[in-house]
Amino acid sequence: FFFQAEDGIRDAQESRGLGDVYKRQGLVYRKLEKYDEAIEVYTQELAISTGFSQKTLNNRAYCYAKLGQYEEAIADYEAVLKQDNKNLHALHNRGICFERIGEFQKAIRDFSEVIQISPHNANAYFNRGCCFDSTGNLDQAIKDYSCLLYTSDAADDLLCVDLGGLRIIQKYIIF
């Protein structure tokens, strides 16, 4: 459940120069699932870039992860998080990479941060639950999986209760 990489080519502030060509090429390669080629053009874009590009690093990290190159992906996600420690794409996807290499506590930390920032993020609950399950913390895994049953961004306010800042859809038992 990787978040899709960011598509920043429509930003009015973006240059339409060579860097934008690399960015567009990378996005097309990604859509074609040609991740090696996408990584190559994202790397070229970063080499000519005069500024820091979170979007390009997130996109390249996504491609590394899709190829199973988790250490490289983690490095790119960490570069993004040094600039923006609340970047949901980088936090969530780095958590998945940590989970894939067996670094469950680091993954749990990232998913917990995502949940703190975005309390209705079902993917973060699911992935954190999987990590708790893998570490033998089955009670916490059940809690996270249970949250999936009752967590929703689209829920009507009248159907929700607030539990410490987390909106939870109330269970209704009909007799």
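Trainee: Which residue does D76 form a salt bridge with?
Mentor: D76 pairs with R60, and their closest N and O atoms are 2.7 Å apart. A salt bridge here is a side-chain nitrogen of Lys or Arg within 4 Å of a carboxyl oxygen of Asp or Glu. Before going on, note that this is a predicted model, where local features need pLDDT of at least 70, side-chain atom pairs count only at pLDDT 80 or more, and totals for chains, interfaces and linings use all residues. Residues are numbered from 1 along each chain as its sequence is written, and side-chain values use heavy atoms, with hydrogens and water left out.

Trainee: Why does the pair tie together separate parts?
Mentor: Because D76 sits in helix α4 (residues 70-83) and R60 in helix α3 (residues 54-66), the pair ties together parts 16 residues apart in sequence. Helices are DSSP runs of H or I with at least four residues, numbered from the N terminus.

Trainee: Are D76 and R60 buried or exposed?
Mentor: Both D76 and R60 are buried. Buried means under 20% relative accessible area, exposed means over 50%, and partly exposed is in between, using a 1.4 Å probe and protein chains only.

Trainee: What about R94, which residue forms a salt bridge with it?
Mentor: That would be E78, with the closest N and O atoms 3.7 Å apart. R94 belongs to helix α5 (residues 88-100) and E78 to α4, so this pair also ties together parts that are 16 residues apart in sequence. R94 counts as buried at 10% relative accessibility, while E78 is partly exposed at 32%.

Trainee: Which residues are linked with E78 and R94 in a network?
Mentor: R109 and D110 join E78 and R94 in a network of salt bridges.

Trainee: How many salt bridges does the rule give?
Mentor: The count comes to nine.

Conventions:
Helix = DSSP H or I, 4+ residues; strand = E, 2+ residues; numbered from the N terminus.
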